[in-house]
Amino acid sequence: MDDQNSRSRDQPSSNNSNLPPALPPCSFIQWNCHGFWPRKAELDVLISTKRPIGICLQETHLNIKANNFRKIANINGYTAFHSNKSDNPTMSGGVSIFIQSGWKYEPVSLKTDLEVIAVKLHWHYLITIVSIYLKPGIPIHENKIKNVIRQIPSPYIILGDFNASNAIWGSNKTDPRGLLIEKILLDENCVLLNDGSHTNLSMAHGTFNAIDLSLISPQISSNFIWEVADDLYGSDHFPIFITDIDNYENLYTGCKKWIESSADWDKYCNLINANLPDLSLTNDNIYKDFLSVIINAAYQSIPFSKPSTASGRRRVPWWNNEIKNLINDRKKALRLFKKHPTTENKNRYLALFSEVKEKIEAAKRESWRLFTESIDLHTSSKEMWNKIKAIQGSRSPPIRRVDNKWGVSTDPKGMSDLLVKQFCLSSSNEILTESEKVFKNNITSSINNIALDPIPDSPLNLEFSVQELMRALNKSSGKSCGPNSITYNMLKNLPRNGIEFLLNIYNQMWCEDNFPCEWLTANIIPIPKPSVNGISDFRPIALSNCDLKIFERMVNYRLIWFLEENGLLNHNQFGFRSNRSTTQAIAKLTGDVLEAFEQTSHATAIFLDLEKAYDRVWDAVIIKQLLEWGIDGHILSFLKFYLNERTVRVRIKDVLSSEGHMINGVPQGGVLSVTLFLVAINSIFNIFDPDDPVKILLYADDVVIYSGSANIDDQYYEMQYKLNKMGEWANKNGFRFSPKKTKVMHFCRKQNCHRYTYSINGCQLECVTKFKFLGVWLDPKLRFNHHIQEVKTACSSRLNVLKCISSKSWGSNRDTMIKIHEATILSKIYYGSEIYATAAPKALLNPLNSIYNAGYRLSVGAFRTSPVNSILCEAGVQPLRQKLDLIVAKSASRILGNPEVPGYDDILNYENKKSSRSFYTIGGCLLRKILGDIHIDHNYIESHPPWILDHNAINTSIIQHNYKEMSNDEVVDLFNFVCNRIHPNHMILYTDGSGQLNNKGYAITSESDLISSHKCHESLSVFDLEASAIEKAFQFSRDLISIDPNTVHIIVASDSLSTITAVQNLNNSSPIIKKIRDLINELNNKVTLLWVPGHRDIPGNTKADIEAKTAAFLPNITQKLIFQNNAISLCKKYFSNIKGKWFEQEVPDNLKLVSSSPKRPVIPKNIPRKEFCIISRLRIGHTRLTQSYKFINPKKVPLCPSCKKPLTTTHILIECHRLESQRKAIFGNKNIYKLLNFSECDTRLVIKFISELDLIDEI
């Protein structure tokens, strides 16, 4: 429980009462804590107030026999080192050192039998920290201590309990050990920091003494201040604070941040509107002036946080005023006892000592209960993840020290300057070889020789529309801002004329090819990567201006459409493309390997690593490729500007480095960066022909080549040839493969198979027996046993989160715990499951079954021995095997909706696959069972740019009139008026869709005649039906116009406002909506889409409604086409039916008495966790009272004392005659279904009944 409570302190809180009184910070704490766990809470208070870099503890009393104290005895934000004598029969003694996260350290090995531990800390200077404990009453030879000191690298600081008394350091007497230590100080030239203050209180005798010593190397002794705390903090030794006043600094200084949750957006808009008239687009500084208007309005309407050093203090959530006052009273009692050491004063101090301990434990329990119960379904996702991280005790350490080739620094300015040099080097020309420089210069020169036929009025170069800008704004999220301090929310909340003004500025820049130099600057936030021995590398996160990112998003939208529409990106590139995923790439690789197994062939895969791929990209390579693809004009001008030399600064805390310059690479964190990287690397596919035996797959910069062949010799020569070509390609295009990180894996069923040694650029490649590719561990036989073991290990750790917030009497509610279980644990199990769950032997999946079931068991509050099927039914979920099959079916349906994705033909023609373990075989077979002869509509890429959509061709003007207050005749007149205003010479097509139960259909009519109607599959939604009808109407219109170009203007009238709105919304990527938009663009103002109110006696609309209902009840489906989302719904429905059969066949009968289906029962909000657990266990029928006999005598079933019938929950609640009077008095003659249905009233009655029988603790 102590560990749980200690973790909870990281929960976010804005209440300053959770912060103990601030004290001056110190560098190190030295303390004989007399037991780590009993003093853990008091130690937390010390850490929260002093924020030490190092902590040296003695007498930690950790049990080395448990062999797990290294994992358990830790402090969040610190790295722990422990030592306990292995020959110690008890838990007495023991020393520990805790080093603050973020500092580089090295454990120091000492050859001695003393209880001592040492760590070398790379602080502002190198210093060795030593914690030592010398037990009293045991003779210690002088040479043993001298031997330890001589092994310690200098400079050092030795902190410990020496149990040595000497008047020199303030003891009441001088004993032999004190004289020994005095001699060692002289012989070893050590400096004693003690100032004569007492460090120990003997509770038995009520006397003070000085036996804790702090020894230090003479060269640094003058830097430190030594101070004893004014409180014992629960031990019999005072903590000692040691501070290096010259180099110690507050480790946290907050930066100003906008508090947008408290923004007055109305005032913000008013201020913008008031200042916009003063701006003119003809002004050369219009961009800067407009941003100044935004910033000034923000300062007046949005509060911001102030830099505060208090934020560096760790929060103690159980701290309250009562504990604060008691601790103050305890300090007063201690001072009084020091001054007047009487028995009365001693007893008063001891009484307060015990009371503080009890209050802290009670406050910790209550704080933890409130914290866990605060996690519910109303908790936002962000807040929930913050709480989960708090429970796990995971948080990124601040950067405390940077050590690279340019120097070492621990101050923010120095660290940021060192890092900016490090980050800029990876993109500079300095790291290029001479041959690479030549190739880069050649590519740059060749760009000017590329002959182009400029495309007049290319849609890529048109001015941006307000719809594109709104789409970009809606797609942008986050609170981080760039150097100009403007956030996304400031741009999103601009008034309408502010949005239009911003669009005008963007279009002016676009048309003039003149972009602000401020867009070439960014602040880099270094994020420490997971460290080894405190040595961290850093991941640079670049924060550019949000207004630039909005512009990037508009450009990227156009560029991606152009690349996909023209098929310019290779289909084997899976990274960052719509409708493609990592699991599809893994499925393609493993599917081909499994097919090779069936053909008794060998398969070899080489996983290549690109060094600093995004930082090394040459802008000339990207520009050349774009020019070859015919991209020119404004978009190319902007991309050249975007890839120009960029200026960056590294920010640590609130300090910025000096400027650095990024020469090569794509901007880190840029919206366009990934797309441009895909352009740069696309030429690698030119090395491979479609018929090559060697295949290649990419996920962005993750590259794998592989081949399956019966002849291993031929395979080697073919793959080595491709490796050589890839090495040449990399050298010519600015990339570099890392031989050290590139791995080879030979897939084969044979035990011993000859393996060739591959090489790239003259360096041999390592052959491995396991490799993690895109998050899934592969092995030579594709049994996935290592991957499953890794998933089990990771999920077992995450399961501790649920254990922390679950209890019979307190904790989060069931639905919240299930949500956490699915988000943190099942997401790990499900990732890649369509690959490993189909190929791995089913027995290997059993460990995951245990994790899957355990999470739901904790959520519903059941016992470990409760029937698994009952637990899953109470949680409303199916067994893991069914869930994994559902994931396979859904993944297969996504591929079937995208013919361009590798694997489409494999699933479509799964009968031709020889491997029964392949995802394609199992997925294709499942889909055939589920869909039958129904086909999935393919993903659609619009042939016309979606941003050129003529919104005048979509008319919703009737909404602007007060049509709801009109009579039907008035609505008809309004409709006719709008149609005539659209075009006086017109014809109208009416569309409608109808869905009643499982009967679905749509129709297209004129005012009096049926044009077309179809009965559709039951899975289609009304939205799908309405959209299908509109699409068919536009196709009919296109056919009419192609026959007679002089056809009158056509109006397609629909009463589905949601469908028409979706057509206008560029964010909507539904295939049917894309088709409608494409048809509108193709017909070029010859057809108008008009919204009409439904059921208002508009003749044609009424006709379409009747015909759609008629079509829905036709005997046979005439349109056997569904959409991808419909296919996924059918998969869910199919497995829901399987779940129902499982419920009927596998779930115990006693649960069926209270549950009629496998759906999760609804729980009222007001039912506490304890009462929920009781009802849940009664529903399952598995309680201590009825099932404990299985642990004592499994053959002796307990019987009711009066009825002599088996003792069950049903018997207690309904059947027992002895309890009939009490039963009727409380809940009458209600049956067990009504009693255990989780209604708030019945739950209270059941709890009352169980309480009167005194059976609460037996449930």
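**A helix pair and other local features**

Tutor: Helix 30 (residues 919-931) packs against helix 36 (residues 1124-1146) at an angle of about 85°, and their axes lie 10 Å apart (helices are DSSP runs of H or I of at least four residues, strands runs of E of at least two; axes are fitted to C-alpha atoms over the stretch in contact, with angles from 0 to 180 degrees between N-to-C directions). The two helices are therefore roughly perpendicular (65 to 115 degrees). Helix 30 contributes L926, L927, K929, I930 and L931 to the contact, while helix 36 contributes A1127, L1130, C1131, Y1134 and F1135 (heavy atoms within 4.5 Å). By class, this contact comprises nine nonpolar residues, no polar residue and one charged residue (Asp, Glu, Lys and Arg are charged; Ala, Val, Leu, Ile, Met, Phe, Trp, Tyr, Cys and Pro are nonpolar; the others are polar).

The model is predicted: local features need pLDDT of at least 70 and side-chain atom pairs pLDDT 80 or more, whereas totals for chains, interfaces and linings use all residues. Residues are numbered from 1 along each chain, and side-chain values use heavy atoms, without hydrogens or water.

Elsewhere, helix 21 (residues 673-681) is mostly covered, with eight of its nine residues buried (under 20% relative accessible area, 1.4 Å probe, protein chains only). These buried residues are S673, T675, L676, F677, L678, V679, A680 and I681. Their cover includes helix 16, helix 18 (613-616), helix 19 (619-628), helix 20, strand 25 (694-699) and helix 22 (712-733).

Helix 16 (546-565) and helix 20 (634-642) also give two or more residues each to the lining of the largest cavity, as do strand 19 (521-528), strand 20 (538-543) and strand 22 (646-652). That cavity has a volume of about 230 Å³ (points of a 1 Å grid where a 1.4 Å probe fits but cannot get out, lined by residues with an atom within 4 Å of a point; the volume is the space filled by probe spheres set on the points). Of its 25 lining residues, A522, A542, R646, P667 and Q668 are the closest to the centre. The lining divides into 14 nonpolar, seven polar and four charged residues.

A700 is buried, at 2% relative accessibility. F1238, in the loop between helix 43 (1232-1235) and helix 44 (1240-1252), has a positive phi near 65° and is buried at 1% relative accessible area. Finally, a cis peptide bond with omega about 0° joins S154 and P155, and P155 sits in the loop between helix 4 (142-151) and strand 8 (156-161).

Methods
1 Å grid on protein atoms, 1.4 Å probe; cavity = no way out; pocket = protein on both sides within 12 Å on 5 of 7 lines; lining within 4 Å. Parallel < 35°, antiparallel > 145°, perpendicular 65-115°, else oblique. Buried < 20%, exposed > 50% of the residue type's maximum accessible area, 1.4 Å probe, protein only.
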